[in-house]
Amino acid sequence: MKFTIIMPTYNDAESINESLNSVVNQTYQNWELLISDDGSTDNTKEVVKNFIKEHKEKRIKYYHHDNQDQLNAILYVFSHITGDYIYILHSDDLLADSTLLEKVLREFNKREVDAIISSPLIINEKSEINGRLNVKDYVSNESILALQLLWLGRNLYIDSAFFTYKSFITSIKNNYLIWNTPFWLNLTEEPRMLNVCNVDFPFFKYRCYEGNYINNPIGKLNVINGELRTATSLMKYYDIPFYKLQYFIFRVLNKLNMNYIPYYKKRESKNKEKIIKFILKKRYKNEYKTNLFLNNLLFFYKKNNDRTIKIKHIGDDFIYYGKDMRKFNNDLINNNLSPIYLKIINEMKIGFKNIEVSNDKDFEKMVSITKFLCIFPFVTITKKEVNNARKK
């Protein structure tokens with residue numbers, strides 16, 4: 001069985017050598033490494049090329065492209081995957097030890113699952129181990145879906161996992177890479193969980209420092225877009241009474257490594273505006289008000305206005321997906337958003353429930369637009385010529 005390791009990188013010339021060595025030194029040797037350089041401006045390319053030359057590694061392939069952010073970087077090498085199992089290793093992290101792939105293969109041979117996860121080790125900038133990040137035991141039941149909503153749409157588990165090729169192409173690509181939501185949670189129809197299990201050995205050493213992706217402003221905006229999309233999708237199906245109180249109870253118990261089963265009802269959330277506001281304030285306090293999209297998103301759920309807006313023609317403007325949040329934020333800041341996005345975002349401040357488009361092509365685009373803007377579950381999209389409401 002073959003492993004494909006995908007390594008997105010951006011300006012990690014100082015750390016990537018160590019990451020490459022953690023792959024090359026594996027005792028199990030049936031692997032390929034696809035390095036996706038997201039437009040590095042340092043000497044990452046030279047470091048990688050020299051490493052490949054010194055180690056005579058034909059299994060390492062290097063791809064360089066314009067900067068598009070890390071999810072697009074992973075998708076860039078998608079068509080080159082030839083392995084049975086896939087793992088994403090960032091270029092400032094390390095595989096946990098030289099026998100990792102052997103151990104992972106044994107686990108996949110024991111059971112039929114979509115993915116396996118574990119608790120990673122934490123290292124500092126000098127690669128010194130500082131501890132271990134505790135990942136919850138994966139449990140597949142409906143209360144976990146409600147708990148995911150209670151946890152502000154943030155990933156209850158972890159993004160890092162070994163995936164089977166089948167699950168990667170049929171589900172994880174769409175969930176995680178395209179729409180920037182937890183890989184284990186399928187939100188295309190009524191929410192369902194993938195078949196995932198924990199193992200007791202660490203997969204990787206996670207380098208934790210101030211420059212981490214989540215610690216910079218753009219990283220924060222990218223992350224909250226996925227969290228909001230996850231939360232709003234789940235609000236369609238779950239209502240959590242006493243949301244703030246239950247959140248704080250769960251947070252305390254979680255810190256004590258204790259389980260919490262939320263009190264919830266299987267119905268659409270009644271307190272959508274309060275949930276969205278709580279999520280925004282937890283990440284940004286009141287700074288969210290300076291972001292046109294985030295501010296108007298809250299108004300959309302506050303107004304709950306039963307209006308219909310009509311879209312005559314969308315055109316060939318760029319359509320954003322969760323993976324494109326960096327581009328969206330840059331376009332928003334630089335006043336480069338297309339008229340269709342500006343129109344929908346401005347209409348969100350007034351509130352609406354229905355969007356009428358003219359044809360099939362525009363219908364599909366509007367589905368993607370409303371998904372990106374985190375309002376899709378609560379909007380009905382219709383086509384004018386058939387006047388027949390339908391959702392995808």
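How many residues of strand 2 (residues 31–37) are buried? Seven of the seven are, so strand 2 is largely enclosed by the rest of the structure. Buried here means under 20% relative accessible area, exposed means over 50%, and partly exposed is in between, with a 1.4 Å probe and protein chains only.

## Basis of the report

The model is predicted: local features need pLDDT of at least 70, side-chain atom pairs count only at pLDDT 80 or more, and totals for chains, interfaces and linings use all residues. Residues are numbered from 1 along each chain as its sequence is written, and side-chain values use heavy atoms, with hydrogens and water left out.

Helices (H or I, at least four residues) and strands (E, at least two) are DSSP runs, numbered from the N terminus.

Strand 2 is covered on both of its faces. On one side W31, L33, I35 and D37 are buried, and on the other E32, L34 and S36 are buried.

Strand 1 (residues 3–9) runs parallel to strand 2, and seven bridges join the two. Two strands count as paired if DSSP finds at least two bridges between them. Within this pairing, F3 stands opposite W31 of strand 2.

An open sheet is built from four strands in the order 5-13-7-8, with mixed pairing. Its edges are strand 5 (94–95) and strand 8 (129–132), each of which pairs on one side only.

Strand 7 (residues 121–123) and strand 13 (residues 204–207) run parallel and are joined by three bridges. I122 has Y206 of strand 13 as its bridge partner.

## The positive patch

A patch of positive charge on the surface gathers K244, R251, K255, K274, K277, K281, K282, K289, K302, K303 and K349. Patches are made of residues with over 30% relative accessible area and no salt bridge; like charges are joined within 9 Å, and nonpolar side chains (Val, Leu, Ile, Met, Phe, Trp, Tyr) within 5 Å. Lys and Arg count as positive and Asp and Glu as negative, while His and the chain ends are not counted. The place of a charge is NZ of Lys, CZ of Arg, CG of Asp or CD of Glu. The accessible areas come from the Shrake-Rupley method with a 1.4 Å probe, and for residues only the protein chains shown count as cover.

Helix 8 (243–255), helix 9 (272–284) and helix 10 (292–303) are the elements that give two or more residues to this patch. Helix 9 gives the most, with four residues. K303 lies in helix 10 and is partly exposed because its relative accessibility is 45%.

## Salt bridges

The whole structure holds 21 salt bridges. Such a bridge is a side-chain nitrogen of Lys or Arg within 4 Å of a carboxyl oxygen of Asp or Glu.

R267 and D239 form one of them, at 2.8 Å from N to O. This pair links distant parts of the chain, 28 residues apart: R267 is in the loop between helix 8 and helix 9, and D239 is in the loop between helix 7 (217–235) and helix 8. R267 is partly exposed at 30% relative accessibility, whereas D239 is buried at 3%.

Another salt bridge joins E347 and R307, at 2.9 Å from N to O. E347 lies in helix 12 (residues 339–350) and R307 in the loop between helix 10 and strand 14 (308–310), so that distant parts of the chain, 40 residues apart, are linked. E347 is buried, with a relative accessible area of 13%, and R307 is partly exposed, with 23%. Elsewhere, salt bridges that share partners join E107, K110 and R111 into one network.

## Positive phi angles

S127 is not a glycine, yet its phi is positive, at about 70 degrees. S127 sits in the loop between strand 7 and strand 8 and is partly exposed, with a relative accessible area of 21%.

C374, also a residue other than glycine, has a positive phi near 65 degrees. Its place is the loop between helix 13 (360–372) and strand 16 (380–383). C374 counts as buried because its relative accessibility is 1%.
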